[in-house]
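Good morning, and thank you for coming.

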Amino acid sequence: MPPSRGRRGRGGRGGRARGRGDRGGQRFGRNEARGRNDAFESGRIVEDEDIEQAHEQPESEEEFVASSASSSEDDEPVNRKQAYNLLLQSFGHNEEEQGPSKKKQKVEVLKRDHSEKVKDENKDANSDLGEPEDEENEDETPQDEADGQDEDPSDPYEFHFANPDQNELARRLNAITSNKWSTTRQPFGSNGQCTFCLPDPGSPISKLGHIPPAAGPSNFKQRLSTSASSFLPLLDDTEKSLASNIFAYRDVLFGGRTVETALNLRKLTTLHALNLVFKTRNRVLKNNARLSKEDSNPDIEYRDQGFTRPKVLILLPTRHSCVRLLDTLIQLSQPEQQENKKRFEDSFISTLDEDENSEYTSDYQELMQGNTDDMFRLGIKFTRKTLKYFSQFYNSDIIIASPLGLRQALEVNKSKKVDYDFLSSIELVILDQANALLMQNWQHVEYIFEHLNLQPQEAHGCDFSRVRNYYLDNNAKYLRQTVVLSAFITPELNTLFNKHLLNSSGKLKYQPEYKGAILSIGLPVKQTFSRFESTSPISDPDARFKYFTTAIIPSITRYPKPPDDCLGILIFIPSYFDFVRIRNYFATSTTTQNISFGSISENQTSAARETRRARSHFLSGKHSVLLYTGRAHHFFRYKLRGVKKVIFYGLPDSPLHYQEIAGGFLGTSINEGKIGVEEAGVRVLFSKYDGLKVERVVGSGRAGRLLKDKSGDTFDFV
């Protein structure tokens with residue numbers, strides 16, 4: 001039975017490990033016999049029954065620890081043996097039973113472990129929330145107490161979070177709520193364009209340059225200044241322009257993330273997140289010290305915090321991406337001690353051989369490296385000398401999670417309230433590898449953003465006399481900074497940009513210039529782009545299906561049968577909804593009754609019998625057509641053989657996928673001598689709503705003509 005494609009998102013290599021001994025970080029558990037590349041086996045929300053099947057809630061890390069202390073009821077057989085041993089001891093058989101007793105204790109431990117592995121998986125998902133601890137018992141003192149650092153009025157942190165100008169803030173909030181933005185588009189960095197939006201159309205917009213003096217290393221806390229001074233000068237022009245806007249606490253949607261720039265971008269955002277955390281905590285602790293003095297003025301207000309402690313939320317696709325982030329965080333912060341590090345390594349770091357993906361492209365290796373479990377959440381807490389892993393959320397400074405893991409922390413049993421209060425005071429959200437999150441379940445991300453910066457349902461020990469005014473006025477979401485790093489821009493990211501990125505300091509969207517993937521396939525094959533008319537994004541799927549069945553299917557039925565009986569037509573379908581529709585059409589329509597076909601989707605693992613049969617029959621010619629989904633290629637990167645013609649029902653989001661399918665599959669057939677270059681061909685269907693995809697495939701300079709040319713709707717490239 002194929003795995004569910006419900007709201008659970010994608011699974012990790014070791015499954016969810018819900019109360020079965022090994023955590024999800026160990027890629028074994030109940031998925032031990034499955035292949036490496038079935039890392040993500042469920043997709044976006046599809047059918048209601050899939051949602052019901054996926055409603056099980058994996059236990060959190062805290063629940064796993066709690067499960068080790070099993071109740072006496074679960075260990076009833078063990079307790080009987082213990083009672084029997086005590087009875088024998090009471091009769092004076094202590095020495096005789098001492099050896100066997102040790103053996104029995106070992107047996108009891110094994111039985112207890114086995115009992116824990118088979119426990120019921122339906123645990124409360126919110127045991128890692130907890131309540132705030134008493135700060136008086138913490139090893140916390142102002143971190144820059146010795147260096148004499150104090151509030152700097154020129155620091156962007158001061159005029160954005162700490163002491164914003166109330167009149168200017170009110171004016172910008174009024175512009176945001178009225179959806180009035182002043183927008184400009186201009187060159188950005190060395191190769192790209194940016195769109196910059198600022199609330200209040202009356203404000204002049206200056207050009208965005210390199211890091212301004214106010215965002216230089218002098219504005220970093222002392223423990224970060226050395227790392228910042230050595231790292232920032234190494235950035236290229238685009239990264240420096242990006243850094244200046246991030247340090248100014250503007251919202252950023254960056255569509256130029258690559259494997260090569262991933263490390264610098266991760267360092268940049270982590271450095272910024274740490275600086276925000278240290279500034280916030282240091283100010284709170286300094287004000288605590290001031291208030292504790294006997295001669296303190298009771299009329300002075302110190303509004304220096306939000307409702308709850310967590311200030312930074314980082315969303316990542318896999319546990320291994322979390323490991324990479326923590327490595328960077330430790331490198332920059334250099335804590336003297338790390339609490340619960342062994343537990344983190346056991347849960348998140350994979351011990352399997354990483355060379356099995358060496359034959360794939362670098363983007364796939366980055367995505368599938370290490371532990372690919374996508375169900376995790378982790379609280380990080382800083383004190384003066386210590387970094388603590390697995391801190392309770394309400395006691396954490398940074399929350400790192402996958403969208404699936406965090407949503408399950410928000411959604412508890414129906415009999416209980418949804419607890420989102422720990423997200424009420426988030427001031428910085430970072431989405432890294434957003435293009436990978438799009439291939440999981442984007443609705444989880446949307447759900448999380450809808451629950452950010454809401455008024456808390458309970459006080460959670462909050463001192464409301466210390467809460468900043470914009471929190472009390474329910475305006476925190478207009479000061480929250482969001483940084484989204486993606487390999488490309490999609491309509492989903494544009495929607496997030498327009499709906500949830502509402503920063504009073506402005507927002508920026510960057511997109512690089514594209515030369516076009518058609519120039520990189522390495523084959524002189526004919527590539528035909530056919531534009532169909534579509535009146536709206538809602539009606540686009542129906543218009544696409546109508547064009548496919550009336551213009552493409554008849555041409556397939558007219559293809560002459562080759563001498564080897566292998567027609568070899570691959571139909572690439574990005575959306576699973578469209579895949580189901582096309583598959584049903586091939587199975588039931590009289591037009592296609594003479595066309596044999598197979599299918600490969602993300603719901604079939606690479607080792608599944610259906611997948612092996614579909615690939616074998618397509619190669620041998622038993623199947624003339626093979627239906628192939630976008631997510632199947634994203635997660636498994638099949639190297640399909642026997643492909644002679646490729647039809648793109650829709651373009652993939654990633655231009656690399658276009659190169660791999662159009663160039664890689666056809667190139668294999670040409671190199672094997674099954675077809676000549678003149679026999680191979682590519683056909684692409686697109687509408688005006690596919691503009692972003694078309695630009696990445698044909699190039700920024702050619703996209704406008706394909707989308708707007710009224711002289712024709714078919715364009716050939718060789």
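Let me begin with a definition: a helix axis is a line fitted to C-alpha atoms over the stretch in contact, and angles between N-to-C directions run from 0 to 180 degrees. The model is predicted, so local features need pLDDT of at least 70 and side-chain atom pairs pLDDT 80 or more, whereas totals for chains, interfaces and linings use all residues. Residues are numbered from 1 along each chain as its sequence is written, and side-chain values use heavy atoms, without hydrogens or water.

Helices here are DSSP runs of H or I, at least four residues long, numbered from the N terminus. The axes of helix α15 (residues 442–450) and helix α17 (residues 491–499) come within 12 Å and cross at roughly 5°. Because angles under 35 degrees count as roughly parallel, α15 is roughly parallel to α17. In contact, meaning heavy atoms within 4.5 Å, are Trp442, Phe449 and Glu450 of α15 with Glu492, Leu493, Leu496 and Lys499 of α17.

Next, asparagine 435, which belongs to helix α14 (residues 434–438). Is this residue buried or exposed? Asparagine 435 counts as buried, because its relative accessibility is 18% and buried means under 20% relative accessible area (1.4 Å probe, protein chains only). Leaving aside residues up to four places away in sequence, asparagine 435 touches Ser486, Ala487 and Phe488. Its C-alpha atom is separated by 8.7 Å from that of aspartate 653, 218 residues apart along the chain.

Finally, isoleucine 398: with the same exclusion of residues up to four places away in sequence, its contacts include Leu274, Val312 and Phe382. Thank you.

Methods: Helix = DSSP H or I, 4+ residues; strand = E, 2+ residues; numbered from the N terminus. Buried < 20%, exposed > 50% of the residue type's maximum accessible area, 1.4 Å probe, protein only. Parallel < 35°, antiparallel > 145°, perpendicular 65-115°, else oblique.
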